[in-house]
Amino acid sequence: MAQSDNANPEVMTTSDGTPLKESLRRSMRRNRIKALLLVAPLGLFIFFSFVMPILTMMYRSITNPEIIDHLPRATAELRAWTPAESDLPPESFFRAISLDMLTADEEDRHIGRAGGQLNYEIPGARSMLGRTGRAVTSLDEPPDSWKDFILEQHRLWEDPATYQIMQRQMNPITAQYYLNALDFRYDAEGNIERQPEFQRIYVELYWRTLWVSALITGLTILLGFPVAYLLANLPMRISNLLMILVLLPFWTSLLVRTSSWIVILQSQGVLNDILVLLGVVADDNRPRMIYNMIGTVVGMTHILLPFMILPLYSVMKGIPPSYVRAARSLGANPVVAFFRVYLPQTVAGIGAGSILVFILSIGYYITPALIGGSSGQLISNFIAYHMQSSLNWSLAAALGGILLVAVLILYYFYNKLIGVDKMKLG
Amino acid sequence: MKHTFKKTTVASAAAVGLMGVPSVGFADSLTIVSWGGAYEESQRRAYYEPFMEMTGIDIVQESRSAEGLAGVRAQVEAGNVTWDIVDMLEPDSMRGCDDGVLEVIDHDEILKPAPDGTPPTEDFVLPMRDCYIPQILYSTALAYNSEAFDGEEPSRVEHVWEMDEFPGRRSLRRVPAGNLEWALVADGVPRDEVYDVLMTRDGPERAFAKLDEIKDDVLWWTEGAQPPQLLADREVAIASGYNGRFFNAQVVEDQPIEIIWHGQVLESDGWVVPQGKLSEDVRQFLRFATDTQRLADQAKYIAYGPARASSAAMVGDHADTGVDMAPHMPTHPDHIEVGILQDAEFWADMGDTLEERFSSWLAR
Amino acid sequence: MSDDAFVQFSEVQKSYDGETLVVKNLNLDIARGEFVTMLGPSGSGKTTCLMMLAGFEPATHGEIYIDGTAINKMAPHKRGIGMVFQNYALFPHMSVAENVAFPLQVRGYAKSDIEDRVNRALDMVRLRDFGSRRPAQLSGGQQQRVASARALVFEPKVVLMDEPLGALDKNLREEMQIEIKHLHEDIETTMVYVTHDQSEALTMSNRIAVFDDGVVQQLASPPELYERPVNAFVAYFIGENNRFYGTVKESDGDWCKVELEGDGNTVTALPVNIAGVGERTTLSLRPERVVVNPNEGQCDNVLEGVVRELIYLGDHIRTRAVVGDNEDFIVKIPNAQGHAQLEKGQSVRFGWAAEDCRALDA
């Protein structure tokens with residue numbers, strides 16, 4: 001029989017002799033082009049607004065171009081020098097770096113960019129380069145010894161470690177930021193070691209973020225399940241009203257919602273006042289329910305609750321009441337009917353809601369920033385901090401990259417366990 | 001001539017690329033970024049409105065200084081700078097300057113001299129940074145709710161640490177700057193030596209150890225509006241905060257809040273210009289907005305001290321309440337006497353490291 | 001309550017909104033082992049009755065008994081009722097065998113016992129080899145049989161079926177009707193069956209309760225119901241019938257004379273449910289009892305009519321004619337040797353016996 005094998009002489013053809021496959025392809029081409037044109041705007045939009053920025057950030061997390069770009073001559077000199085020869089590099093290095101600074105000054109002031117790069121490793125390197133750069137460019141004539149002149153400008157120039165670290169930073173590709181993001185670092189000799197105890201922070205934050213996200217997911221299931229059940233089973237008139245109540249938070253500003261938790265939970269807040277009034281707690285011993293982990297968990301659970309309720313609702317809406325009735329009529333008491341018949345059928349909704357809430361809470365930072373205090377901070381708060389305040393974008397990118405990988409791994413396991421095709425979002 | 005040597009060396013070394021030619025804005029409008037709130041309002045009344053009236057140049061306000069340096073850096077890197085002038089803290093301006101994303105300012109050329117002819121570089125009370133024009137001096141000071149204390153009220157930095165004598169929770173800003181200085185002062189370091197101690201290897205250790213003593217009682221704030229609110233709500237008894245915010249709560253809103261001037265950390269805030277934006281309009285604005293009279297005017301609207309010595313004498317009464325501003329100024333001689341002048345260079349250099357260490361310390 | 005009633009509805013009323021009664025004063029006795037069908041149009045209250053019996057809806061008034069025990073306050077799972085739902089309600093996350101085992105598991109049967117009974121139940125519905133499949137992998141008829149097996153496996157006192165064949169196509173439905181009928185004959189359990197399909201009811205039931213407007217219109221065996229409907233609704237709902245409206249002119253108890261509306265012809269009818277002389281009545285006549293062009297004296301009643309439409313249906317020819325006021329007079333002419341050959345537009349005499357023409361309520 002004629003099949004896909006081209007060598008087979010009995011190729012299936014249309015009545016005019018064109019091979020059937022060719023003919024089919026031709027007839028489908030128009031449709032394919034039309035379909036492509038229709039999705040092209042979205043594809044381009046996603047590429048430029050989503051894929052590109054992520055790729056750029058990922059690229060930034062492993063590259064280290066500043067030193068090479070801004071101090072080309074100095075890096076060339078530094079390559080030729082080994083710390084074994086002498087404590088400090090020779091005069092030629094200092095002459096080269098001066099030329100680099102002068103060139104940079106002529107073109108722009110990018111010399112400091114290299115300093116900013118070095119500053120993560122050598123605190124003070126930014127002002128070392130900045131100050132020296134300004135001194136060099138304001139010289140009227142070259143000094144007798146560039147080395148002596150430069151060493152005078154900043155104490156760090158006299159530290160051999162400065163040059164070793166510069167040598168390592170010359171490498172355009174670096175694992176430094178990923179190491180930092182996992183609480184490791186390079187020591188002066190370039191070996192990988194753990195950060196000193198007082199600098200370790202991110203690994204614990206990752207665990208905390210995962211743990212808190214799981215907790216919030218669990219809480220939204222517990223709180224959202226009954227609400228979704230009511231929504232799906234109450235008469236239309238009442239359930240519509242309830243649905244508006246569920247969606248209302250969506251239409252309120254995030255800041256307003258978060259701030260209202262401050263009003264409720266702070267130590268002089270509504271809830272504490274009520275507890276004191278009821279005599280549950282003493283006035284001078286009000287429990288702290290905000291500006292700590294409790295605040296983060298409460299606030300985020302509230303904000304993410306609709307993301308659990310809506311998929312659950314849509315799944316429950318599709319479960320006819322006859323299933324539970326069947327179970328009851330077959331002899332199951334209400335508890336057994338719920339756990340053996342109703343609950344298993346909502347798994348798709350619980351799965352969809354969980355993955356939504358979990359992934360959203362992993363990336364959430366506004367609520368923890370406002371009501372999380374110091375113990376309620378999550379990894380995203382530090383990514384935001386490095387993006388906005390410390391401007392260590394490479395570290396931010398590395399932290400984000402690890403988070404991205406963690407989410408993909410979770411997604412993989414979710415797919416293995418529950419199956420993404422079973423997910424029902426609404 | 002100073003430039004001859006430079007040019008020859010460079011020319012002999014490499015080809016020189018032409019970059020960073022300032023683009024001259026043709027539209028008669030300036031986008032000025034500031035901090036929002038009462039502070040930006042004082043700028044609007046003292047600078048923007050008279051300037052717009054005088055020149056007809058429109059000023060577009062953006063309240064995004066909280067991410068000022070990040071924003072400038074992103075815009076310069078993207079080659080699409082939309083901000084003309086940014087209000088920025090001094091250490092940030094130094095980092096931006098070293099990073100090459102800010103214009104270098106020739107202060108004596110751009111700015112007006114004092115009425116008596118003193119050149120700007122001498123009239124300003126701070127050392128001038130390359131890319132930065134100081135505007136005001138503000139302080140991060142401690143303050144307390146007077147209703148929270150029956151007997152003696154706190155008056156010194158050490159009192160923050162004395163939980164038994166001055167009970168109640170504290171609120172401090174969630175950054176190391178200021179807190180490390182206070183910790184050292186509370187640990188017995190003289191105010192004028194805190195940066196020398198912090199610079200040593202064991203200095204930060206000592207400061208963090210001192211902070212450990214009160215860590216459990218501290219609520220860390222992030223937004224300037226929080227500390228006056230926390231004090232007014234009696235959520236905390238003592239809080240650090242910006243003196244202008246405290247002034248507002250104390251005088252304008254009549255809250256029982258008192259400032260502890262002892263140990264106030266004086267910092268400056270000023271203007272910077274993103275790379276490529278030093279146009280004629282921008283120069284005109286900077287010249288106008290930083291003259292002696294205008295700086296003194298701003299103090300009518302907010303309790304921050306003018307950065308020019310020549311403005312001090314011209315500070316008058318608060319525009320809305322008629323309160324005499326002089327005793328509320330962080331730059332009042334009595335207050336400067338007991339304060340700490342922030343070392344911007346120290347924080348520009350050590351900020352990254354100490355911030356990380358602080359975060360790590362907080363998380364533990 | 002009567003002694004032989006196994007399931008009994010006693011003065012049962014049901015209202016959902018407190019304003020209207022969906023079930024009005026229902027009294028119904030079902031004997032042990034009987035197959036009773038509740039038949040009626042949608043909204044007639046039949047499903048509500050079933051739900052009250054199963055325990056999913058409380059009766060607003062009255063009492064329901066099973067085997068002499070009042071069950072109004074008994075939870076559904078304690079009633080010992082097996083139920084087959086309209087869409088089978090097979091648990092989609094369980095295999096066929098797990099579905100059938102479910103009622104046994106929740107009753108705490110021993111594992112080996114469960115396996116045994118499940119196998120027997122699956123044998124009974126000829127699905128022994130399908131135990132490991134998921135319900136979604138079965139055809140509609142197979143799903144139906146699993147639902148039956150599940151409802152029967154724990155040997156319930158009563159089995160309820162709520163339109164269990166509604167989702168199947170016609171051929172399969174007829175096949176399954178017979179199958180369920182045989183199942184019932186084999187296990188001799190009491191069955192209450194709800195449907196709106198009269199042929200289904202006629203096929204399977206020992207007795208049929210015809211529901212309309214919250215009231216049982218007639219409770220009788222299928223032949224009784226078909227041959228002797230007690231009112232116009234039952235006559236109309238069960239099988240096809242030709243209707244004439246008229247006024248009772250005279251009645252002697254055995255026979256009555258009715259003057260038809262429109263043409264004024266008078267016909268003789270069997271008075272079943274008439275209000276009295278001078279009152280309106282509905283005459284009901286089954287199409288298959290009409291004789292075409294009868295011989296003189298062969299029929300009590302003869303009327304002229306004009307053929308409007310002939311539909312060839314294989315076993316019979318369905319003929320629509322205009323007779324008097326009735327434009328939808330249907331006659332079924334069997335496709336037998338030497339049957340009448342009619343043509344469209346032809347004038348025909350239609351005749352029938354007086355006893356086939358039942359005078360019912362207006």
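Which chains share the most contacts? Of the two pairs of chains in contact, the pair formed by chains A and B shares the most, where a contact means that the C-beta atoms of two residues, placed from the backbone, lie within 7 Å. The model is predicted, so that local features need pLDDT of at least 70, side-chain atom pairs count only at pLDDT 80 or more, and totals for chains, interfaces and linings use all residues. Residues are numbered from 1 along each chain as its sequence is written, while chains are lettered from A and ligands numbered from 1 in the order in which they are written.

Chain B and chain C are joined by no contact, and their closest C-alpha atoms lie 45 Å apart. The contact between chain A and chain C takes 15 residues from chain A and 19 residues from chain C. On the side of chain A that touches chain C, α15(A) gives the most, with six residues; helices here are DSSP runs of H or I with at least four residues, strands are runs of E with at least two, and both are numbered from the N terminus.

The largest nonpolar core has 156 residues, of which A:L399 and B:A143 touch the most other members. Such a core is a set of buried Ala, Val, Leu, Ile, Met, Phe, Trp, Tyr and Cys residues joined through C-beta atoms within 7 Å. A residue is buried if 20 or more other C-beta atoms lie within 10 Å of its own, all placed from the backbone. Helix α14 (residues 293-317) of chain A gives the most to this core, with 13 residues.

Chain C contains eight helices and 20 strands. Its C-alpha trace spans about 75 × 45 × 35 Å along the principal axes. Of the 362 residues of chain C, 40% count as buried.

In chain B, the axes of helix α2 (residues 37-55) and helix α13 (residues 280-289) come within 10 Å and cross at roughly 125 degrees. These axes are lines fitted to C-alpha atoms over the stretch in contact, and angles run from 0 to 180 degrees between N-to-C directions. The two helices α2(B) and α13(B) are therefore oblique to each other; angles under 35 degrees count as roughly parallel, over 145 as roughly antiparallel, 65 to 115 as roughly perpendicular and the rest as oblique. B:Y47, B:F51 and B:T55 in α2(B) meet B:Q284, B:F285, B:F288 and B:A289 in α13(B).

Notes. A residue is buried if 20 or more other C-beta atoms lie within 10 Å of its own, exposed if 12 or fewer, and partly exposed in between; C-beta atoms are placed from the backbone.
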